[in-house]
Amino acid sequence: MKIAISANQEDAKLLRRLVLDYCTEYNYYPNIELFENRERIIQSMMKISYEIVIVAIDRAKGMEAVKHIHLRNPKANIIWFSDDEDFAGFAFENGVKQFALRPISKEKLEEGLQCSGIMPERSNLCSVHLKG
């Protein structure tokens, strides 16, 4: 399984650790790639198809990243962490499976991974976390 994470260095490290903790609990060993800006992940998606894409980019920059990721790979399961709940509607119109407000947490990420339908303990309902 290929997972891409687009976030600043601190958030990327946290997300990578949380993903690995969750996946190894279920004996999944994904290939995780980290991208510190939206341009690099979009370029990578021209060559590589990711099953799950985690975006921790706020506001308009995050919106642009999500839009381009969805255009490049409509089947990608996108999890988006943002600091502004006003982007929730846009998120779901553009293929986001899980939209959550910061701070990033284990619970919010795990729910997003479960909503993807790829990970164990799949939930039929994906949600929006509008309270930090």
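The dialogue below walks through some features of a predicted model.

Visitor: What kind of model is this?

Guide: The model is predicted: local features need pLDDT of at least 70, side-chain atom pairs count only at pLDDT 80 or more, and totals for chains, interfaces and linings use all residues. Residues are numbered from 1 along each chain as its sequence is written, and side-chain values use heavy atoms, with hydrogens and water left out.

Visitor: How many helices and strands does the protein have?

Guide: Helices (H or I, at least four residues) and strands (E, at least two) are DSSP runs, numbered from the N terminus. Here there are five helices and six strands. Read from the N terminus, their order is β-α-β-α-β-α-β-α-β-α-β.

Visitor: What share of the residues is buried?

Guide: Buried means under 20% relative accessible area, exposed over 50%, and partly exposed in between, with a 1.4 Å probe and protein chains only. Of the 132 residues in the protein, 46% are buried.

Visitor: Where does strand E4 stand on that scale, covered or open?

Guide: Strand E4 is mostly covered, with six of its six residues buried. Asn77, Ile79 and Phe81 point one way from E4, while Ile78, Trp80 and Ser82 point the other way.

Visitor: Which strand pairs with E4 over four bridges, and in which sense?

Guide: Two strands pair if DSSP finds at least two bridges between them. Strand E3 (residues 52-56) pairs with E4 in the parallel sense over four bridges. In that pairing, valine 55 has tryptophan 80 of E4 as its bridge partner. The chain gets from E3 to E4 through helix H3 (residues 59-72), in a right-handed β-α-β crossover. A crossover is called right-handed if, with the strands pointing away from the viewer, the path from the first strand over the helix to the second runs clockwise.

Visitor: How many bridges join E4 to E5?

Guide: E4 and E5 run parallel and are joined by five bridges. Isoleucine 78 stands opposite valine 96 in E5. The chain crosses from E4 to E5 through helix H4 (residues 88-93), and this β-α-β crossover is right-handed.

Visitor: How is a pair of aromatic rings described?

Guide: Such a pair is described by the distance of the centres and the angle of the planes. Rings of Phe, Tyr and Trp (its six-membered ring) pair if their centres lie within 6.5 Å; planes under 30 degrees apart count as stacked, over 60 as edge-to-face and the rest as tilted. The structure holds four aromatic pairs. One of them is the tilted pair of tryptophan 80 and phenylalanine 87, with 6.0 Å centre to centre and 55° between the planes. Both of these residues, tryptophan 80 and phenylalanine 87, are buried.

Visitor: Why is the pair of tryptophan 80 and phenylalanine 99 called edge-to-face?

Guide: The ring centres of tryptophan 80 and phenylalanine 99 are 5.2 Å apart and their planes are at 85°, so the pair is edge-to-face. Tryptophan 80 lies in strand E4 (residues 77-82) and phenylalanine 99 in strand E5 (residues 96-101), so the pair ties together parts that are 19 residues apart in sequence. Phenylalanine 99 is buried, at a relative accessible area of 0%. Ring pairs link Trp80, Phe87 and Phe99 into a cluster.

Visitor: Where is serine 116, and what does it touch?

Guide: Serine 116 is in the loop between H5 and strand E6 (128-129). With a relative accessible area of 9%, serine 116 is buried. Contact means heavy atoms within 4.5 Å. Not counting residues up to four places away in sequence, serine 116 touches Ile52 and Asn77. Helix H5 (residues 106-115) is mostly covered, with seven of its ten residues buried. Among the buried residues of H5 are Leu109 and Leu113.

Visitor: Which peptide bond is cis?

Guide: The bond from arginine 102 to proline 103 is cis, with omega near 10°. Proline 103 is found in the loop between E5 and H5.

Visitor: What is the phi of asparagine 27, and is the residue buried or exposed?

Guide: Asparagine 27 has a positive phi of about 60° although it is not a glycine. This residue, asparagine 27, is in the loop between H1 and strand E2 (31-35). At 59% relative accessibility, asparagine 27 counts as exposed.
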